[in-house]
Amino acid sequence: SDYTYGSYRHIQTIGNYFAFSKRSPHADLFGSLDKILEEMAESGRVEEIYAKHQVTDNPIGSRTLHLTVTEKKWLADNPGPFKVQNEMNYAPFNYNEGSKAKGFSIDYMDLLAAKLGLSILYESGQTWDQFISRMRDGTLDVMVNIVQTAERVEFLHFTDPYADNPPVFITRRDKEPARSLAGLGRKSIAI
């Protein structure tokens, strides 16, 4: 390739989270999610997903999952289907190919659902704003690869991030890489 990546760390790293609608009929599951995500990491299966999608720096630690009797009962009584957003073209995280949900976040969600014995219904073909609106009103249960903001915390529960996306500059290999905003100088940029 004629291009190279230049690491660029600004004020924040962009984390990918799972978010549950606070108004979803399945919102009670949220309290168990971080514990379940940690147990998935410990099993080694999460590392396979990271390797498959060439993602590094798994931010989820490892600890043993211990669901309470109440959590286990809730899961048994609420198998879904859980309505989860599927974007049309956000590869490699979340995209649709041949009417099938695919990507890193989808594989992660599928593993979570298998661990919990839940049924997932991926919903595609809507805009980001439509998905957000449905999360507000509780007609969509889960959004994946969503960034946590102060506004969204008002109507969403967020897990710990399952992937981090540090911002980068991509430059031609035959040019000096940009490693800061100041390094861009008077160069032409594309966003």
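Mentor: Start with the term pocket. On a 1 Å grid over the protein atoms alone, a pocket is an open set of points with protein on both sides within 12 Å along at least five of seven lines. Lining residues have an atom within 4 Å of a point. Grid points are joined across faces, edges and corners, and the volume is the space filled by probe spheres set on the points. One caution: this is a predicted model, where local features need pLDDT of at least 70 and side-chain atom pairs pLDDT 80 or more, while totals for chains, interfaces and linings use all residues. Residues are numbered from 1 along each chain as its sequence is written, and side-chain values use heavy atoms, without hydrogens or water.

Trainee: What volume does the largest pocket have, and which residues lie nearest its centre?

Mentor: Rolling a probe the size of a water molecule over the atoms shows where empty space is left. Here the volume is about 450 Å³. The lining counts 15 residues, with Ile-170, Leu-184, Ser-188, Ile-189 and Ala-190 nearest the centre. Strand S11 (residues 168–172) gives the most, five residues. Strands are DSSP runs of E, at least two residues; helices are runs of H or I, at least four; both are numbered from the N terminus.

Trainee: How many of the lining residues are nonpolar, polar and charged?

Mentor: Nine are nonpolar, two polar and four charged. Ala, Val, Leu, Ile, Met, Phe, Trp, Tyr, Cys and Pro count as nonpolar; Asp, Glu, Lys and Arg as charged; the others, Gly among them, as polar.

Trainee: Which residues touch the most other members in the largest nonpolar core?

Mentor: In soluble globular proteins, nonpolar side chains tend to be buried together. A nonpolar core joins buried Ala, Val, Leu, Ile, Met, Phe, Trp, Tyr and Cys residues through side-chain atoms within 4.5 Å. Buried means under 20% relative accessible area, exposed over 50%, partly exposed in between (1.4 Å probe, protein chains only). The largest core has 23 residues; Leu-29, Met-40, Phe-104, Tyr-108, Leu-112, Leu-116 and Leu-118 touch the most other members. Helix H4 gives the most to this core, seven residues. Another core, of 10 residues, lies apart from it, and includes Phe-131 and Met-143.

Trainee: How do I read an aromatic pair?

Mentor: Use the distance of the ring centres and the angle of the planes. Rings of Phe, Tyr and Trp (its six-membered ring) pair if their centres lie within 6.5 Å; planes under 30 degrees apart are stacked, over 60 edge-to-face, the rest tilted. This rule gives three aromatic pairs. Phe-93 and Phe-104 are edge-to-face, at 5.7 Å and 90°. Phe-93 sits in the loop between strands S4 and S5, Phe-104 in H4, 11 residues apart. Phe-93 is buried at 9%, and Phe-104 is buried at 0%. Ring pairs link Tyr-90, Phe-93, Phe-104 and Tyr-108 into a cluster.

Trainee: Which residues of H3 are buried, and which are exposed on the other side?

Mentor: An α-helix has 3.6 residues a turn, so residues three or four places apart point the same way. In H3, Glu-71, Trp-74 and Leu-75 are buried. They lie on the same side of H3, because they cover an arc of only 100° around the axis, taken from the directions from the helix axis to the C-beta atoms. On the other side, Val-69, Thr-70, Lys-73 and Ala-76 are exposed.

Trainee: Where is the cis peptide bond?

Mentor: From Ala-91 to Pro-92, with omega near 5°. Pro-92 lies in the loop between S4 and S5.

Notes:
On a 1 Å grid over the protein atoms alone, a cavity is a set of points where a 1.4 Å probe fits but cannot get out, and a pocket is an open set with protein on both sides within 12 Å along at least five of seven lines; lining residues have an atom within 4 Å of a point.
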